[in-house]
Amino acid sequence: MSTVRTVNKACTVNPLKLSQPVGGALAFMGLDNAMPLLHGSQGCTAFGMVLFVRHFRETVPLQTTAMSEVATVMGGLENIGKAILSIYQRAKPSVIGICSTGVTETKGDDVDGYLKTFMAAHPELGDLVVVYVSTPDFKDAFQDGWAKTVAQIVGTLPDPQAPKVPGAINFLVGSHMTVADVEELRDISEAFGLKPTILPDLSGSMDGHVPENFSPTTLGGTTVPEIRAMGGAEFTIAVGEQMRPAAEALMARTGQSYMLFDRLTGIEANDQLLECLSQISGRPVPLKYRRQRSQLMDAMLDSHFFYGGKRFAIGAEPDLLWSLATLFAEMGAEIAAAVTTTQSPMLERLPCAEVLIGDLEDLEDRAKDCDILITTSHGRQAAERLHIPFVRMGLPIFDRLGATHRLSIGYRGTRDLLFEIGNVLMANEHENHPESWPLPAENHAARPTLALS
């Protein structure tokens with residue numbers, strides 16, 4: 001049980017927090033043939049664009065309603081209409097996902113009401129799906145924007161009367177899961193003979209594949225027909241506490257029950273996942289996962305020597321912080337410093353004395369006597385000043401390659417994560433050498449010498 005405290009400072013120093021509209025835009029990028037649209041100034045979109053390009057190292061579809069100071073004061077609804085028509089004529093997307101920003105939320109634009117009138121007046125837009133999400137960036141954080149977007153999608157698009165499909169299963173995944181994590185989740189469910197629909201599916205759009213032709217929209221992800229058919233699935237599995245509202249929204253629309261997994265790292269969580277999939281499919285757990293479980297147990301035995309008693313400092317979004325902190329605590333480490341970005345029910349359950357909702361300056365202040373620092377690439381200078389090892393996790397990671405292909409869920413991903421962190425700890429273990437045990441000076445003088453005859 002930890003104490004959750006919000007830091008009240010005059011300004012944020014070295015921010016850890018990312019804004020809601022950025023999280024919402026990334027969630028829309030997990031849909032196929034989609035175009036995220038930020039309703040705000042060009043600067044809001046430019047920030048998100050640079051962030052995603054540096055992290056994913058791919059072309060990123062992202063548009064703006066380009067609010068000027070006059071449009072902001074007078075109301076930017078006309079800008080939304082012009083943006084939708086322009087995007088549709090040029091890119092022909094299946095989905096346009098609109099996220100508000102602080103500028104337009106402060107003005108109080110009635111976007112929902114405007115879209116109803118606008119879409120009714122433009123039948124030429126055909127089957128274009130327009131989803132609007134309120135994501136003011138002066139409150140909440142990246143994880144909240146992602147969660148609200150997914151909840152809005154499953155609360156409006158799935159068909160409640162969709163025909164039931166045997167073996168179909170829905171996954172609602174949180175923003176803390178990488179492309180590799182999503183791919184692993186699909187592989188695990190397909191090994192049971194299930195037909196998964198994953199929302200959002202960044203593994204189809206942001207996995208770094210080279211397309212045969214240029215497309216101004218997303219290159220893959222969950223399609224609109226797949227989302228509409230989610231009501232016909234047998235069951236829904238939500239991953240991450242942030243996905244609870246989305247799972248409840250889907251249940252309210254389709255009557256479908258769900259199960260929430262707060263994490264998929266560690267043995268117990270994955271045992272429960274495989275048991276759940278086995279019950280849904282009616283099939284036993286495949287032998288390869290029994291072997292992977294055994295490998296994870298061996299990895300925990302091998303690496304616990306290096307985790308035991310080590311002091312960890314972690315700065316991450318709540319669900320990622322929960323996944324990492326609980327795993328390392330199970331390995332015998334102490335979570336000495338934990339800083340996050342927004343409120344979550346999981347924070348009070350973290351295995352540490354205190355959790356701060358603050359910035360990287362707060363993390364640095366509390367990590368002075370820690371053995372390792374884990375956060376985004378923005379924490380590298382703090383680790384350098386503290387002279388402690390640094391591991392990059394979360395978003396953004398812009399000074400390393402392959403951040404989206406790091407696997408950390410399932411038996412295999414947990415094993416890889418333990419080895420990665422364990423190797424960092426091992427590399428910084430004190431290594432003894434002959435000078436580690438110097439003899440006292442008087443003993444040197446008294447040392448007998450060999451007489452040569």
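Predicted model: local features only at pLDDT ≥ 70, side-chain atom pairs only at ≥ 80, totals over all residues.
Mentor: Local features here need pLDDT of at least 70 and side-chain atom pairs count only at pLDDT 80 or more, while totals for chains, interfaces and linings use all residues. Residues are numbered from 1 along each chain as its sequence is written, and side-chain values use heavy atoms, with hydrogens and water left out.

Trainee: What makes a residue part of the lining of a pocket?

Mentor: On a 1 Å grid over the protein atoms alone, a pocket is an open set of points where a 1.4 Å probe fits, with protein on both sides within 12 Å along at least five of seven lines, and a lining residue has an atom within 4 Å of a point. In the largest pocket 21 residues line the space, and the closest to its centre are Lys17, Leu18, Ser19, Phe47 and Leu51.

Trainee: Which element gives the largest share of that lining?

Mentor: H2 does, with five residues. The lining also draws at least three residues from each of domain 1 (20–140) and domain 3 (290–427), with bounds from an automatic or database domain assignment.

Trainee: How do you know that the span of helix H4 is close to the expected one?

Mentor: The expected span is 1.5 Å times one less than the number of residues. H4 (residues 77–91), a DSSP run of H or I with at least four residues, has 15 residues and reaches 21 Å from its first C-alpha to its last, against 21 Å expected.

Trainee: Why are residues such as Ile80 and Ile84 in H4 called buried?

Mentor: Buried means under 20% relative accessible area (1.4 Å probe, protein chains only), and Ile80 and Ile84 are among the residues of H4 in that class.

Notes. Helix = DSSP H or I, 4+ residues; strand = E, 2+ residues; numbered from the N terminus. Buried < 20%, exposed > 50% of the residue type's maximum accessible area, 1.4 Å probe, protein only.
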